[in-house]
Amino acid sequence: MMKLKQLLQSRTHLSGNLLHGKPGDIRNPSWLHAFTSRVGLSTATGHFTDKGKSSDRVFADYCVYKGKASLSMYPVLPKFSRLDSGGLKVDRRGVMMLTFSPAIGERKYDWEKKQFFALSAVEMGSLISLGSGGSCEFFHDPSMKTSNAGQVRKTLSVKPVEGGNYFLSLSVVNNMLQTNDRLTVPVTAAEFAVMKTACSFALPHILGWDRYMDQKQQPVKRVCLGLILVARSCISHSNCTYP
């Protein structure tokens with residue numbers, strides 16, 4: 001019984017320091033709720049395969065629907081490969097995928113003719129740092145460093161208009177199909193602010209740094225989870241004694 005009392009005293013003191021900088025009281029259920037709330041974000045983990053892909057697919061696009069075209073954006077996470085040592089390394093960095101689809105009627109869009117443009121981390125930085133009245137332009141060759149280099153050229157331009165609004169235009173020239181598509185979506189200042197904020201939030205995940213930082217927090221997570229289990233056990237058993 002004395003060992004149990006000493007263990008509870010030690011862990012109660014530690015948990016109190018973590019929460020308030022002073023000893024806590026695990027007999028109070030509200031303490032457990034507060035402690036669980038504080039570690040809830042840090043103990044939440046995703047389920048990933050060796051390739052770094054989530055086992056539960058989640059779809060969360062941000063979409064802007066306008067008269068002549070629609071625009072959606074969503075992050076594509078990096079791909080990881082497993083090392084002989086058992087660790088993971090980034091095999092291919094993620095991107096922020098932009099999708100433009102032409103309109104074929106009122107609030108109707110031709111999803112079969114959608115065009116893609118993948119923003120790299122640096123290009124996302126250019127978008128995030130874009131000041132009031134600023135503009136930027138990006139050029140992509142999907143077949144770069146292959147025998148088909150130059151056959152498809154993509155240009156994304158971001159240009160300001162009055163009132164803090166913007167025009168996002170995607171031009172796709174395909175010499176193989178002999179097509180030249182241009183899709184433009186007007187974006188309000190508020191919509192553009194959402195896009196920039198989304199890019200800022202997604203950037204560490206695009207680089208794979210969330211996985212890197214998560215491994216650093218694993219020891220803390222184990223301690224926090226252990227404290228929660230002990231506290232719950234003592235609250236549910238009336239034979240626990242306290243000093």
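In which strand does S81 lie? S81 lies in strand 3 (residues 79-82), where strands (E, at least two residues) and helices (H or I, at least four) are DSSP runs numbered from the N terminus. The structure is a predicted model, in which local features need pLDDT of at least 70 and side-chain atom pairs count only at pLDDT 80 or more, while totals for chains, interfaces and linings use all residues. Residues are numbered from 1 along each chain as its sequence is written, and side-chain values use heavy atoms, with hydrogens and water left out.

S81 has a relative accessible area of 17% and is therefore buried; buried denotes under 20% relative accessible area, exposed over 50%, and partly exposed the range in between (1.4 Å probe, protein chains only). When residues up to four places away in sequence are not counted, S81 touches G87, L88, K89 and D91, contact being defined as heavy atoms within 4.5 Å.

Aromatic pairs were assigned to rings of Phe, Tyr and Trp (its six-membered ring) whose centres lie within 6.5 Å; planes under 30 degrees apart count as stacked, over 60 as edge-to-face and the rest as tilted. By this rule the count is three aromatic pairs. One of them, formed by Y65 and Y109, is tilted, with 5.6 Å centre to centre and 40 degrees between the planes. Y65 belongs to strand 1 (residues 62-65) and Y109 to strand 6 (residues 108-109), so the pair ties together parts 44 residues apart in sequence. Y65 is partly exposed at 38% relative accessible area, whereas Y109, at 9%, is buried. A stacked pair is formed by Y166 and F192, with 4.1 Å centre to centre and 25 degrees between the planes. This pair links distant parts of the chain, 26 residues apart, with Y166 in strand 10 (residues 166-174) and F192 in helix 4. Both Y166 and F192 are buried. Y65, Y109 and W111 form one aromatic cluster.

Helix 4 (residues 189-207) comprises 19 residues and reaches 27 Å from its first C-alpha to its last, close to the expected 27 Å, the expected span being 1.5 Å times one less than the number of residues. The buried residues of helix 4 are E191, F192, M195, C199, A202, I206 and L207. A bend of about 35 degrees occurs at F201, and P204 follows within four residues; the bend is the angle between axes fitted to the seven residues ending at a position and the seven starting there. After helix 4 comes G208, which has a positive phi near 85 degrees.
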